[in-house]
Each structure stands twice: as C-alpha cells, then as structure tokens.
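Student: I would like to go through some terms used for this structure. Please set each value against its definition.

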Amino acid sequence: MEMIQNAAARSVTFSKKHKNGLFKKASELAMLCKADVAFVVFSPNGRPFSFGSPSVETIHAHMKPQMDGVGDTHGVSSRNNV
C-alpha cells in the first residue's frame with residue numbers, strides 16, 4: 001500500500017473511506033462489543049472529523065484522569081509522526 005500521489009484523488013478517497021469505512025467499522029465495533037470508541041481523523045486539507053460512541057467528549061472525560069501526567073501529546077502520535 002502506498003500514498004495516492006494525486007491530491008484530488010487522495011481527497012476523494014479520504015471522503016469515501018472515512019465515511020463508509022472507518023466510521024462504519026467503529027460504529028459496528030461499538031454496537032457489537034458494547035465498546036466505547038472515539039477517534040479524530042484529519043483530512044488531507046487539515047479538517048478534523050471525529051467519531052464517538054457514546055461521544056468523543058464522554059470518552060475524553062473518562063480517559064483524562066488516566067492520561068494526566070503522560071505528556072503534552074497525551075500518548076497520541078502527532079500527524080507528522082504517523
């Protein structure tokens with residue numbers, strides 16, 4: 001697998017994959033396994049998209065006490081390091 005070089009094609013692929021792929025799978029995981037799921041994805045243009053079940057805010061509030069003191073990134077890789 002490799003990055004799509006054409007920026008327009010990359011943007012179209014992102015739009016299709018994040019809605020029909022990633023979000024759908026996360027929703028299925030949350031429903032089938034009764035799991036709390038949250039994530040944030042940035043489009044190639046830098047626009048954030050988020051999914052949360054029950055909500056991103058609820059999961060963040062649940063995780064925050066566990067993440068205090070972990071560091072500035074709260075254990076999450078920056079976009080440039082992924």
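Student: Why is phenylalanine 51 called buried?
Tutor: Buried means under 20% relative accessible area, exposed over 50%, and partly exposed in between, with a 1.4 Å probe and protein chains only. Phenylalanine 51 has a relative accessible area of 15%, so the term buried applies. This is a predicted model: local features need pLDDT of at least 70, side-chain atom pairs count only at pLDDT 80 or more, and totals for chains, interfaces and linings use all residues. Residues are numbered from 1 along each chain as its sequence is written, and side-chain values use heavy atoms, leaving out hydrogens and water.

Student: How do you know that phenylalanine 23 is buried?
Tutor: Its relative accessible area is 18%, so phenylalanine 23 counts as buried.

Student: What makes phenylalanine 23 and phenylalanine 39 an edge-to-face pair?
Tutor: Rings of Phe, Tyr and Trp (its six-membered ring) pair if their centres lie within 6.5 Å; planes under 30 degrees apart count as stacked, over 60 as edge-to-face and the rest as tilted. Here the centres are 5.3 Å apart and the planes are at 65°, which gives an edge-to-face pair. Phenylalanine 23 lies in helix H1 and phenylalanine 39 in strand E1, so the pair ties together parts 16 residues apart in sequence. Helices (H or I, at least four residues) and strands (E, at least two) are DSSP runs, numbered from the N terminus.

Student: Why is the pair of phenylalanine 23 and phenylalanine 51 called tilted?
Tutor: The ring centres are 6.0 Å apart and the planes are at 45°, so the pair is tilted. Phenylalanine 51 is in strand E2, 28 residues from phenylalanine 23.
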